[in-house]
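This briefing concerns the spaces within a protein structure and the ligand that accompanies the protein. The sequence and the structure are shown first, and the points follow by topic.

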Amino acid sequence: MNGVNNLRHHGRVVLVTGAASGIGAAIAERYCVEGAAVALLDADEVKVSQRGMALREQGYKVAWHQADVSDFAQCEIACQALTSELGSVDTLINNAGVSPKHDGQPASIWSMSPEEWNWVVGINLTGSFNLARALSPNMVEQRYGRIVNMSSVAGSAFLPIVAAHYSATKAAIIGFTRHLAGELGPHGINVNALAPGRIETPMVKSVSDEANEAVIAETPLRRLGQPDEVAQAACFLTSNESDFITGQVIDVAGGWLMR
Ligand code: NAD
């Protein structure tokens, strides 16, 4: 991994959703490197246990649990299990998300089933509520908490490479973030969002090379982002270095779609 290797998150307990792949996996690893105990939560039981075991073999303090973030009861069970293993979670990274494609293309509004719409809303939006709902009472009690929600540049710009449900949920995450920042700030809890551009993960590889080349051509830094670059932004936003930053949406996009 590139970048800083300080222990600024030593003593913290961080829960990362969607931690088995892509950006979530990079975030989990980055917090390990920076000294935190890390709880990995993912719907994919095999992949999350492989990730967890690989980190544990490197000597990091980790625990993992399979759960579907769209299901509140599953989230509660996972949070209880992870908390009893690692201690009270003070940092939540709501990263799990889906961007389904139809034959490599985003669904048009008329080809999107109501079931698909609800499925995406359930994971990308309700999932973030579910984890914040489950973990914030403890943060309030401790008078300390940090939450980062994963939005996207698609939350505030038209992107032809994603579909309406995806953009709608990523915009809603911004409203959710600002509201929570206002509501939880007096309790010592900072809430921010990240808005990645195109980051090289399995999600991005689900569209054509041409589509990604077109994004690169429109990006001032002329490349796609790396998962660890999003992870570094998450670590910054939950560190003491950003104690006075809350309710903000930070693009990690190489300047693509500056707004
Ligand atoms: P990814 O597909 O590589 O990983 C997503 C992870 O979420 C997977 O491990 C998957 O198993 C997990 N997941 C899916 N549904 C779940 C559920 N119901 N419950 C628990 N876990 C579930 O995706 P990624 O590219 O790493 O994206 C991570 C986040 O970043 C998403 O919220 C995505 O919308 C956002 N994002 C990604 C990009 C990008 O370019 N990759 C850009 C902007 C925003």
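**Cavity, pocket and ligand**

A search of the whole structure, which is a predicted model, finds one cavity of 30 Å³ or more. The structure also has a largest pocket, with a volume of about 860 Å³, and the ligand sits in that pocket. The points below take the cavity, the pocket and the ligand in turn.

**The largest cavity**

- The volume of the largest cavity is about 40 Å³.
- Its lining is formed by Thr17, Val69, Asn94, Asn95, Ala96, Ile123, Gly127, Ser128 and Leu131.
- Helix α4 (114–142) provides four residues, the largest share of the lining of this cavity.
- Sorted by class, the cavity lining holds four nonpolar and five polar residues, with no charged residues.

**The largest pocket**

- The lining of the largest pocket comprises 42 residues, and those nearest the pocket centre are Asn95, Ala96, Gly97, Val98 and Met203.
- Two or more lining residues come from each of the elements α1, β2 (37–42), α4 and α5.
- Among these elements, α1 gives the largest share of the pocket lining, with three residues.
- The pocket lining divides by class into 23 nonpolar, twelve polar and seven charged residues.

**The shell around the ligand**

- The ligand is surrounded by 28 residues, of which Ser21, Asp42, Asn95, Tyr166 and Thr201 are the closest.
- At least two residues of this shell are supplied by α1 (22–33), and at least two by α5 (164–184).
- The class composition of the shell is 15 nonpolar, nine polar and four charged residues.

**Polar contacts and burial of the ligand**

- Asp68 places a polar side-chain atom 2.8 Å from a nitrogen atom of the ligand.
- A polar backbone atom of Ile199 lies 2.8 Å from an oxygen atom of the ligand.
- The ligand taken alone exposes 830 Å², and the protein buries 92% of that area.

Notes:
Residues numbered from 1 in each chain as written. Predicted model: local features only at pLDDT ≥ 70, side-chain atom pairs only at ≥ 80, totals over all residues. Heavy atoms only, no water. Near = heavy atom within 4 Å. Polar contact = N/O pair within 3.5 Å; in protein donor to acceptor, adjacent residues only side chain to side chain. Areas by Shrake-Rupley, 256 points an atom, 1.4 Å probe, with all protein chains shown as cover. 1 Å grid on protein atoms, 1.4 Å probe; cavity = no way out; pocket = protein on both sides within 12 Å on 5 of 7 lines; lining within 4 Å. Sits in = over half its atoms within 2 Å of the grid points. Nonpolar A, V, L, I, M, F, W, Y, C, P; charged D, E, K, R; others polar. Points joined across faces, edges and corners; volume = space filled by probe spheres on them.
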